[in-house]
Each structure stands twice: as structure tokens, then as C-alpha cells.
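Please open the structure in your viewer and keep the sequence alongside.

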Amino acid sequence: MPLVNVKLVEGVFSSEQKQQIVRSLTEAMVAIEGENMRPVTWVIVEEVKSGDWGMAGNPVTTADVKALAAGSPVG
């Protein structure tokens with residue numbers, strides 16, 4: 001049974017986007033493993049508190065992730 005665990009910085013993705021992540025990752029696993037695995041494919045989306053995530057030795061905030069998504073450098 002596949003378990004896909006996705007960790008995101010809180011406040012970046014909407015509920016609808018997180019639901020799309022679940023659907024898309026489930027479809028990806030079914031494409032690899034076959035339709036019989038759909039009912040037993042688990043996808044967990046966990047949010048990590050802003051600032052409790054680190055990248056290159058620096059804390060990453062919700063604002064940092066949104067800036068990266070917009071194409072702006074962080075740091």
C-alpha cells in the first residue's frame with residue numbers, strides 16, 4: 001500500500017490546491033502501480049509552521065515560499 005507524505009509550509013496552498021495535490025498524487029501512483037492500488041493509496045498533506053522549515057541553513061516562512069513561487073529570490 002503506497003503512502004505519500006507531502007509536507008508544505010503552512011498558509012501557502014489553499015484547501016482546493018491541497019485536494020488537487022491528493023488527487024494528482026493518487027493518479028500518479030495508480031499510473032505506476034495499476035488501478036487496483038487506488039483504494040489503498042494514502043496521501044497525507046501536512047503543514048509545517050511558517051519558520052519551522054529550513055533551507056540552506058535558514059528558516060523559510062510562508063512569505064518566502066510565496067516569493068519563490070512568484071519568481072523572486074529568497075535570502
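Begin by selecting Trp 42, which is exposed because its relative accessible area is 54%, over the 50% cut-off. The model on display is a predicted one. Trp 42 is found in strand 2, which covers residues 42–48.

**From the surface to the core**

Next, select Val 4. Setting aside residues up to four places away in sequence, Val 4 touches Leu 25, Met 29, Trp 42, Val 43 and Ile 44. Which residues make up the largest nonpolar core? Six residues do: Val 4, Val 6, Leu 8, Ile 21, Met 29 and Val 43. Two elements, strand 1 (3–9) and helix 1 (15–33), each give two or more residues to this core. Strand 1 provides the largest share, three residues.

**The salt bridges**

Turn now to the charged side chains, where the count comes to four salt bridges. Select Glu 47 and Lys 18, whose side chains meet in a salt bridge at 3.3 Å, N to O. This pair links distant parts of the chain, with Glu 47 in strand 2 and Lys 18 in helix 1, 29 residues apart. Glu 47 is partly exposed, at a relative accessible area of 40%.

Then select Glu 27 and Arg 38, which form another salt bridge through their side chains, at 2.6 Å, N to O. Here too distant parts of the chain are linked: Glu 27 belongs to helix 1 and Arg 38 to the loop between helix 1 and strand 2, eleven residues apart. Glu 27 counts as partly exposed at 42% relative accessibility, and Arg 38 is partly exposed at 29%.

Glu 35 is partly exposed, with a relative accessible area of 48%. Through shared partners, salt bridges join Glu 27, Glu 35 and Arg 38 into one network.

**The last stop**

Finally, select Thr 62, located in helix 2 (residues 62–69). Is Thr 62 buried or exposed? Thr 62 counts as buried because its relative accessibility is 16%, under the 20% cut-off. Leaving out residues up to four places away in sequence, Thr 62 touches Val 9, Glu 10, Gly 11, Val 12 and Ser 50. Display the backbone oxygen of Glu 10, which lies 2.5 Å from a polar atom of the Thr 62 side chain.

Conventions: Residues are numbered from 1 along each chain as its sequence is written. This is a predicted model: local features need pLDDT of at least 70, side-chain atom pairs count only at pLDDT 80 or more; totals for chains, interfaces and linings use all residues. Side-chain values use heavy atoms; hydrogens and water are left out. Helices (H or I, at least four residues) and strands (E, at least two) are DSSP runs, numbered from the N terminus. Buried means under 20% relative accessible area, exposed over 50%, partly exposed in between (1.4 Å probe, protein chains only). Contact means heavy atoms within 4.5 Å. A polar contact is a pair of N or O atoms within 3.5 Å; within protein, one must be able to donate a hydrogen and the other to accept it, and residues adjacent in sequence count only if both atoms are side-chain atoms. A nonpolar core is a set of buried Ala, Val, Leu, Ile, Met, Phe, Trp, Tyr and Cys residues joined through side-chain atoms within 4.5 Å.
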